[in-house]
Amino acid sequence: MEEVSIIGLDLAKRVFQAHGASASGTVLFRKKLRRDQVLLFFANQPRCRVAMEACASAHHWARAIGELGHEVRLMPPAYVKPFVKRQKNDMADAEAICEAAQRPTMRFVAIKSEAKQAAAAIFRVRDLLIGQRTQIINALRGHLAEFGVIAPQGSSHVQQLIAEVEDSASRVPDLARSSLLRLSKCCGSCRTRSSPSTARSPRGPRALALLAGS
């Protein structure tokens, strides 16, 4: 009986699909795995190549399966798509992953460590918060402009807009004041230590320490 040479694993939240093939390309098994069965399944498999798409949670599973002694390869989903032979489903995806990984010209994605993913998460969260802050400030600026209240551009001048909203003697109608007060409070809570350009500064250890503490 031929031994498993490569396993294509289609990742999911709960039910995974595994496609095993020999070195000659013969299909040896197609198997559905629950999330809690994945590591036990690969622990009982002989050491082989395990291929996955580089999608959500792929680096986590690559590290976990790699610790069991398997050679894990990640591929961009766009490079796997041409190998899907029939209607897209989990079984077809796992087979396509398995076949794509055997191509000699296939390009693979480097597996990230937990430290690298943690560092990337800091910057992604900061970018998200800066974008939300900009949206809130622009919304407040646009609403107040309808009542003739303006301020210079830039987040450093948003305090002028907040003061206009909080001033009961300003030109802001009382009917709109309660809603704009909520918006102004969000502007105040979204303020950061630095400008948006900081998110694009060099990403060294010192920058990570500053972001983690902000």
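Helix 4 (residues 90–101) lies across strand 1, strand 2 (15–21), strand 3, strand 4 and strand 5. Helix 4 runs at about 140° to strand 1. Angles run from 0 to 180 degrees between N-to-C directions, and axes are lines fitted to C-alpha atoms, for helices over the stretch in contact. Contact means heavy atoms within 4.5 Å. This is a predicted model: local features need pLDDT of at least 70, side-chain atom pairs pLDDT 80 or more, while totals for chains, interfaces and linings use all residues. Residues are numbered from 1 along each chain as its sequence is written, and side-chain values use heavy atoms, without hydrogens and water.

- Five strands form an open, mixed sheet in the order 3-2-1-4-5.
- Strands (E, at least two residues) and helices (H or I, at least four) are DSSP runs, numbered from the N terminus.
- Strand 3 (27–34) and strand 5 (71–75) are the edges; each has a single partner strand, so one side of each lacks a neighbour in the sheet.
- The twist averages 20° from one strand to the next.
- Strand 1 (residues 6–10) pairs with strand 4 (residues 49–53) in the parallel sense, over three bridges; pairing takes at least two DSSP bridges.
- Gly8 has Ala51 of strand 4 as its bridge partner.

**Helix 5 and helix 6**
- Helix 5 (residues 114–145) packs on helix 6 (residues 158–166) at about 50°, axes 11 Å apart.
- Ile137, Leu140, Arg141 and Leu144 of helix 5 meet Val158, Leu161, Ile162 and Val165 of helix 6.
- These contact residues divide into seven nonpolar, no polar and one charged (Ala, Val, Leu, Ile, Met, Phe, Trp, Tyr, Cys and Pro count as nonpolar; Asp, Glu, Lys and Arg as charged; the others, Gly among them, as polar).
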